[in-house]
Amino acid sequence: MSESIPITIGAMARDIPDAGELIGTSKVCHTWYKIYGDLNSGKRPLVVLHGGPGASSPVVSTFSTLTVQHSIPVIIYDQLGCGRSSHFRYKAGDAKFINEQLLLDELKDLLIYLKIYDNYDLIGNSWGGMFAARHAARQPGGLKRLSIMSGPASMELWAQAQMELLRTLPQDIQDTINTAEREGTTDSQEYTEATDTYYSFFFCRVDPTPQPLQLSLANIVTDPTVYHTMNGPNEIDVNGPLRSWSMIDEAKNISVPTLLINGVFDQCTDACMQPYFDLIPNVVGWERFANSSHMAHLEEPEKFFKVVGEFFNVE
C-alpha cells in the first residue's frame, strides 16, 4: 500500500540531561521516525502515537492508509526506549527518568524538529491515546484535531474494568491470574498462557495476531525497561507509577475537536472513556467498533480508516 507514496525515514538527535549511565550525566539520544507522504503537500500532517508504554511504532504503520486515501502526511515514531530509538536498559526501575514528562518533551521537540509544531493533528492508541490526551490538555497552539483511541481517562477506571472483564472468563483462567498476582509468580508459563487468553478476548481478536502488532509487542519482550518501569508486568496488573495516572482533572482543558474511539469488546471499556465524553468541551463523536477490542485499526480496518479519514481530512 505504501509503495506508491513517498516515505522519509530519519532520527532526531537530542542531548538529554540525566540520560547517561553515570548519575547526573547527559547523553545524545535519538528518536526514530517515519513519514508517509509529503510534509510540504499543503495537507495538515497527522502524528500517530503507539501504545505501551514501551511498545513501538509498527502497530500503527497501517495509518499510511490515510496517506494513500486522502494524501494526509502521516508521522509515526518510536518513543524513547522503544524500537529503533535510544534505549535505557541501565535505567530500569528509574521512574524519575523514565516517565511521562520525558515522552511529552520528546513529542514537542519532534514537532519542532519536523517544523509542524504550528499545524498538526494527533491520534494515539492505548497508552498513545492517554499520552495524546495529556499533550492536548497542555493546549499546544498548533494542534488542530485530536482522536483518543482506546486510551482510558484514568488508570483507576482501567483497573476496575480489567477486574470486571476478568470475571467474564472461565473460572480456571481467573484463578490462575489471581493466584499468580497474589503470590508474585507472574513470570510463570501458566500465568502467561492465562493472560494470553485474556488478550485474545479484549486486546486483539484477530487470529493469528497481525504482524504489525507482533512486531510492536516484541519490543517489550526484547527490552521491557519502559513498560515495566512505568506500567508493571502486564495490562491487568498495573503496579508502576502509571497506576495513579489520570486525566479527570485536565480533560476540560482539551479545546480542539476530539473524536473518541473504542471497541465493543475493548479492555478500555466505555466506562474508561466516559469522562472524556463528559468533560472535553468539543467531542464531535464517539465511535464504538462493534467487532473490535483494543485494536480497531487492525480488527476492522476498512471501517476504521473511513471514520478516521473523514474526521482528519478537513482543512
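**Salt bridges in close-up**

**View 1. Glu287 pairs with Lys303 in a salt bridge, with 3.6 Å between the closest N and O atoms.** Glu287 sits in strand β8 (residues 283-289) and Lys303 in helix α11 (residues 301-312), so the pair ties together parts 16 residues apart in sequence. Glu287 is partly exposed at 22% relative accessibility. Lys303 is partly exposed too, at 37%. The model is predicted: local features need pLDDT of at least 70, side-chain atom pairs count only at pLDDT 80 or more, and totals for chains, interfaces and linings use all residues. Residues are numbered from 1 along each chain as its sequence is written, and side-chain values use heavy atoms, leaving out hydrogens and water.

Terms: a salt bridge puts a side-chain nitrogen of Lys or Arg within 4 Å of a carboxyl oxygen of Asp or Glu. Helices (H or I, at least four residues) and strands (E, at least two) are DSSP runs, numbered from the N terminus. Buried means under 20% relative accessible area, exposed over 50%, partly exposed in between (1.4 Å probe, protein chains only).

**View 2. A salt bridge joins Arg138 to Glu250 (3.3 Å, N to O).** Arg138 lies in the loop between α3 (127-137) and β6 (143-149), and Glu250 in the loop between α8 (225-230) and β7 (258-263), so the contact ties together parts 112 residues apart in sequence. Arg138 is partly exposed, at 45% relative accessibility. A network of salt bridges links Glu100, Arg134, Arg138 and Glu250.

**View 3. Lys306 and Glu310 form a salt bridge, their closest N and O atoms 2.9 Å apart.** Both residues belong to helix α11; they are four residues apart, so about one helical turn separates them. Glu310 and Lys306 are both exposed. The whole structure holds 11 salt bridges.
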